[in-house]
Amino acid sequence: MMEIFYWPFLDLLVWGFISLYLVRYRENLPNFVAFLLGALILWDILFRSQQGISVSFLEDVWARNFLNIFASPLKPAEYIVSLMLVSSVKILIAGGVMSLLAWLLYSFNIFVLGISLLPFILSLVILGWAIGIVTTSLILRFGQQAEVLAWGLALLFQPVSAVFYPVSVLPSSLQAVARYIPASHVFEGMRAVITTGGFPTHELVWSLGLDTAYIGIAFVLFFFVMKAVKTRGLLAKIGE
Amino acid sequence: MDETVVEVENLTKDFKNLRAVDHVSFEVKAGEILGILGPNGAGKTTIIHMLLGLTSPTSGSIRVFGLDLKKHRSEILQRANFSSTYVAMPYSLTVKESLRVFARLYRVRQREERIAELLRIFEMEEIKNKEVRHLSSGLITRLNLAKALINSPRILFLDEPTASLDPDIADKTRTLLRRIKNEQGMSILYTSHNMKEMEEISDRIIFLHRGRIIATGKPAEVIQSFRRRNLEEVFLKLARGEKE
């Protein structure tokens, strides 16, 4: 179902909105390369952050190491924190490589965005963690059939995160949704920095505020699911 | 051998319409090897998973080292360990790296010395730098057993630990477990389908059938009470009991 409906639908949405953006703003596309490459690098940070949680968790499942971990004194919260640390290392490496390649191949220096970029990156990392924890919870609950979410759930946020186009390109109903997606504030903020050079404090405050709510909900869901899978005996089943 | 390490009382586990474990009570004393036997689906693995806190009981209580497992899980698991033929290790790590990870998880002091000792005991010194992905299932089982002893546990939960070992290594493993049990007073809760092995290694056995304990005692006593020659015959009689 994901292959037939989900991916093509998301592709169509993202590319459709990019096309709309190019048509509507063709007279006024300042620094479009910086918009696109900057957005691509930042989106990849979010994606790696999420994968650092959910794919690292899946690696323990695939290696049948999962029960060894959960039969040890390690607490579930400690396990999630360790996945966050792994995710941070992956982000540093992947983000570094992408930034270097963008500079070498396209003379695009992401750091022209200045120090203001760092809190926005932090916001994306936190959102990636939240999505990763939710994905992990769903895999714990629904088993192997939910594994595809490790690659798919973050992409669900892409069209309404306005990664490659401004929020104003979206229809009004999706603009309302985008307001409650932390990443949309990050990408709007990035474009504001590139266009005006000013620091969009309100976008940062919105994104970090929403991040706090997202990560809180993700942790609550994770502990709720942990309790449920222990009751249903699913924790042992997924680990063998 | 009087100190009680594990106390299980009226342990019950229901899965939807199935009662997997039905009011099971038993104790494991210090330095004792308790074997849990039973046909597939008897509830052996479910009991071990409940003792490790991986599955929550529907009712009943579990106390380990006198502590309630529900409230002191992490503290209890610090002094316990587990091995199963159905689990493995991170395949991108080497044998030695895997043991290092678990030595840290169990906060083992003098980690390198302990790892070197276990590599020697399990005859894995030559493969210590080999990645787990390149190991045979028998070697992974040995690595799992080494991991299970990394923290010198006071109670060891073993779920069919020798199922994929060749007879030589399986025999050495049993000898080693008995030796450690005698030297360190370690308790072991052991499940296996190998009746000869259970007869040989267990101080006491519990026979489970459909989640219930249907026989318990020393292997020789159980064999005698059923007027059979060995545990295998007892197993066959109990497992097929309803049809006879």
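Visitor: What makes the span of helix 9 (residues 182-196) of chain A agree with its number of residues?

Guide: The expected span of a helix is 1.5 Å times one less than its number of residues. Helix 9 of chain A has 15 residues, which should span 21 Å, and its end C-alpha atoms are 21 Å apart, so the two values agree. This is a predicted model, where local features need pLDDT of at least 70, side-chain atom pairs count only at pLDDT 80 or more, and totals for chains, interfaces and linings use all residues. Residues are numbered from 1 along each chain as its sequence is written, while chains are lettered from A and ligands numbered from 1 in the order in which they are written.

Visitor: Why is helix 9 of chain A called mostly covered?

Guide: A residue is buried if 20 or more other C-beta atoms, placed from the backbone, lie within 10 Å of its own, exposed if 12 or fewer, and partly exposed in between. Eleven of the 15 residues of helix 9 of chain A are buried, among them F187(A), M190(A) and V193(A). The cover includes helix 2 (32-62) and helix 5 (117-142) of chain A. After helix 9 of chain A comes G197(A), with a positive phi near 80°.

Visitor: What makes strand 1 (residues 4-15) and strand 4 (residues 59-64) of chain B a pair?

Guide: Strands (E, at least two residues) and helices (H or I, at least four) are DSSP runs, numbered from the N terminus. Two strands pair if DSSP finds at least two bridges between them. Strands 1 and 4 of chain B have five bridges and run antiparallel, so they pair. Here E9(B) stands opposite S61(B).

Visitor: How do you know which parts of chain B are domains?

Guide: The bounds come from an automatic or database domain assignment, which divides chain B into domain 1 (4-79 + 153-243) and domain 2 (88-152). Their C-alpha centres lie 25 Å apart.

Methods
Contact = placed C-beta atoms within 7 Å.
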